[in-house]
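Have the viewer open and follow along.

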Amino acid sequence: MPFTLFRTPTTAGACDARTATPARAFGLHALLLLTLLLVASALSGCATQEPLKPYNPMGVSGKVNPEAEKYFAMAHVLWKGGETCTEPEKAVAYLNKAIEIQPDYWQAFARRGLAYSEMGLWDEAFDDLTRAVRQHPSAENYAWRGLVAFRMGNQLGARKDLTRSLELDSSQHRAWNYRAAVELAEDEIAAACADFAKGCSNGDCTGMESARRQGVCK
């Protein structure tokens, strides 16, 4: 899926996390822009290194309707190895059914938001992740919403969500890497490299390796 850094808002209104800031020249040279694109592409979409938690495919917890969990499980297996959403449209169809049955199923909203992100539907992705954050304000949900805000062009909103994610869990590797991409977009090279290093020390060196290959971080 092509990486889309900015998206112009379709409606005017109060400033929130879906309001895009004007595009600017990042770094004033092609190398920095290329690094930003590579890093954001590597960290984007519905990729994840572990399943959403808690996850109970048998419905024995009594907290989620078993039929809703069945549809969630059918969508969940489309993330092969937990890394790549192979069929986001099909995942959305299954998750629609899960949410119809269980309207407060935050895991389904979060996962559907990631599938929408894979499809480039940023408004839908942001809305679903906002529902997930409201129902379950976890570090991971804030990190994913921060990524979507960044890809919509709202760096301020993205930074706010990513910082909140790290306040909740300083070991949240996605938030370190996503915030580094925001800092890279704002020419804050030292801060970006420091955050990439934090992400790497917490188990995800994707961003640091990309930045090093481009000569941005040492």
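What is the handedness of the crossing in which α5 passes α6? The crossing is left-handed. Please keep in mind throughout that this is a predicted model.

## The α5 and α6 pair

Two packed helices are described by the angle between their axes and the distance between the axes. For helix α5, residues 122–135, and helix α6, residues 139–152, the angle is about 155° and the axes are 9 Å apart. Since angles over 145 degrees count as roughly antiparallel, α5 is roughly antiparallel to α6.

If you want to select the contact in your viewer, the α5 side consists of W122, D123, A125, F126, L129, T130, A132 and V133. On the α6 side, pick N141, Y142, W144, R145, V148, R151 and M152. Sorted by class, the residues of this contact comprise 10 nonpolar, two polar and three charged.

## The whole chain

Stepping back, the chain has 10 helices and two strands. Reading from the N terminus, the order of elements is α-α-β-β-α-α-α-α-α-α-α-α.

Of the 218 residues in the chain, 52% are buried. Among contacts with a separation of 6 or more, 62% are between residues 24 or more positions apart. One cysteine to look up here is C85, which is buried because its relative accessible area is 4%, below the 20% cut-off.

## The α8 and α9 pair

Further along the chain is another packed pair. Helix α8 (173–185) and helix α9 (residues 189–201) pack at an angle of about 165°, and their axes are 8 Å apart. That angle makes α8 and α9 roughly antiparallel to each other, and their crossing is left-handed.

From α8, the contact draws on H173, W176, N177, R179, A180, A181, E183 and L184. From α9, the partners are I189, A191, A192, D195, F196, K198 and G199. The contact of α8 with α9 has eight nonpolar, three polar and four charged residues.

## Between and along these helices

D187 sits in the loop between α8 and α9. This residue is worth a look for its backbone: D187 is not a glycine, yet its phi is positive, at about 65°. With 31% relative accessibility, D187 is partly exposed.

A197 is a residue of helix α9, and at 35% relative accessibility A197 is partly exposed as well. To place A197 against another residue, take N177: the two are 20 residues apart in sequence, with their C-alpha atoms 8.5 Å apart in space. N177 is also one of the α8 residues in the contact with α9.

## The disulfides

How many disulfides does the structure hold? There are two. In C193 and C217, the sulfur atoms of the disulfide are 2.0 Å apart. The torsion about the S-S bond of C193 and C217 is about -90°, so this link is left-handed.

When the bonded cysteines are numbered in sequence order, the pairing reads 1-4, 2-3.

Key
Residues are numbered from 1 along each chain as its sequence is written. This is a predicted model: local features need pLDDT of at least 70, side-chain atom pairs count only at pLDDT 80 or more; totals for chains, interfaces and linings use all residues. Side-chain values use heavy atoms; hydrogens and water are left out. Axes are lines fitted to C-alpha atoms, for helices over the stretch in contact, and angles run from 0 to 180 degrees between N-to-C directions. Helices (H or I, at least four residues) and strands (E, at least two) are DSSP runs, numbered from the N terminus. Angles under 35 degrees count as roughly parallel, over 145 as roughly antiparallel, 65 to 115 as roughly perpendicular and the rest as oblique. A crossing is left-handed if the near helix is turned anticlockwise from the far one by less than a right angle, and right-handed if clockwise. Contact means heavy atoms within 4.5 Å. Ala, Val, Leu, Ile, Met, Phe, Trp, Tyr, Cys and Pro count as nonpolar, Asp, Glu, Lys and Arg as charged, and the others, Gly among them, as polar. A disulfide is a pair of cysteine sulfur atoms within 2.5 Å. Buried means under 20% relative accessible area, exposed over 50%, partly exposed in between (1.4 Å probe, protein chains only).
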